[in-house]
Amino acid sequence: MKHSYSECRNDCWRFIGNGSSVDRVIIALHGLLTGLTLIVAIGSQNVFVLRQGIRREHVLAVVAVCIGSDAVLILAGAGGLGALVRAVPEVVVAARWTGVVFLLGYAVLAARRALRGGESMQADEAGRGSRLRPVLATALALTWLNPHVYLDTVLLLGSIASTYGAQAWLFACGALVGSTIWFTALGLGARRLGRHLTSPRSWRVLDGAVALTMLMVAALLAVG
């Protein structure tokens, strides 16, 4: 028994001291931290997830769409799609101006809700608002019509991942874990805030903030 314990202990220390294993962990952590740095910012997608979380309305579906979209983009970037984005910049330009129009339209709708008021949410009303399909369509549009998705997620993350050669997928997996942690925390964490936002006044303030954020992001996209 003493001999087997000693062997087990030695095996553990050999694994910890194995440079290749430590390098893999470092690469994955680099991907996680880089992914979080790019994702954790005030933007149209995060504001939408936050609002859906507060409303407790199709939260898991929206979070799944965001994580799934990030997975496709991160893996595409690690697989070399960034080279295509560089070669065909018109794709980014088209997404940029389509995104500007979409964000302006969403900002107008949010501003109208803020000005008109009348929206509130009681505990028994949570999750019974908009239909699933329009909500998912909005989540997809806010993700795929954002040119920063292609510049940051595909081009930047893809370029960094390529520096690791055959281990680029470890970096990509780390970035995907970061995306999963962020959107899950944002969507499910925001559900708790919904308990304190039951008056029409609080929702007018929230929709006003959403409208201003969308306008700001649209303006930043328009000026490049």
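Me: What makes the passage of H4 across H7 right-handed or left-handed?
Reply: H4 passes H7 in a right-handed crossing. The axes come within 10 Å and cross at roughly 30°. Axes here are lines fitted to C-alpha atoms, for helices over the stretch in contact, with angles from 0 to 180 degrees between N-to-C directions. The model is predicted: local features need pLDDT of at least 70, side-chain atom pairs count only at pLDDT 80 or more, and totals for chains, interfaces and linings use all residues. Residues are numbered from 1 along each chain as its sequence is written, and side-chain values use heavy atoms, leaving out hydrogens and water.

Me: Which residues of H4 and H7 meet?
Reply: From H4 come Ala61, Val62, Val65, Ser69, Val72 and Leu73. From H7 come Leu132, Val135, Leu136, Ala139, Leu140, Thr143 and Trp144. Contact means heavy atoms within 4.5 Å.

Me: Why are H3 and H9 called oblique?
Reply: Their axes cross at roughly 40° and come within 6 Å. Angles under 35 degrees count as roughly parallel, over 145 as roughly antiparallel, 65 to 115 as roughly perpendicular, and the rest as oblique. H3 and H9 are therefore oblique to each other. H3 passes H9 in a right-handed crossing. On the H3 side, Gln45, Asn46, Val49, Leu50, Gly53 and Ile54 take part. They meet Trp182, Phe183, Leu186, Gly187, Ala190, Arg191 and Leu193 in H9.

Me: Why is Ser44 called buried?
Reply: Buried means under 20% relative accessible area, exposed over 50%, and partly exposed in between (1.4 Å probe, protein chains only). Ser44 has 5% relative accessibility, so it counts as buried. Ser44 is found in helix H3. Not counting residues up to four places away in sequence, Ser44 touches Leu103, Leu142, Met214 and Val217.

Me: Which residues have the most contacts inside the largest nonpolar core?
Reply: They are Phe48, Val49, Val62, Leu103, Phe183 and Met214, in a core of 26 residues. Helices H3 (44-55), H4 (59-78), H6 (90-116), H7 (132-144), H9 (168-193) and H10 (200-222) each give two or more residues to this core. Apart from it lies another core of 9 residues, among them Ile27, Ile74, Leu157 and Ala172. Such a core is a set of buried Ala, Val, Leu, Ile, Met, Phe, Trp, Tyr and Cys residues joined through side-chain atoms within 4.5 Å.

Me: What does Met214 contact beyond its neighbours within four places in sequence?
Reply: Met214 is in contact with Ser44, Val47, Leu103, Tyr106, Ala107 and Leu142.

Me: What makes Glu57 and Arg55 a salt bridge?
Reply: The term needs a side-chain nitrogen of Lys or Arg within 4 Å of a carboxyl oxygen of Asp or Glu. In this pair the closest N and O atoms are 3.1 Å apart. The pair forms a salt bridge. Both residues are buried. A search of the whole structure finds 1 salt bridge.

Me: Are Arg56 and His58 buried or partly exposed?
Reply: Arg56 counts as buried, at 19% relative accessibility. His58 is partly exposed, with a relative accessible area of 23%. Arg56 lies in the loop between H3 and H4, and His58 is placed in the loop between H3 and H4 too. Phi of Arg56 is near 55°, positive in a residue other than glycine. His58 has a positive phi of about 55° and is not a glycine.

Me: Why does Phe171 count as buried?
Reply: Its relative accessibility is 1%, so Phe171 counts as buried. Phe171 is found in helix H9. Leaving aside neighbours within four places in sequence, its contacts are Ile27, His30, Gly31, Thr34, Leu157, Ile160, Ala161 and Tyr164.

Methods:
Helices (H or I, at least four residues) and strands (E, at least two) are DSSP runs, numbered from the N terminus. A crossing is left-handed if the near helix is turned anticlockwise from the far one by less than a right angle, and right-handed if clockwise.
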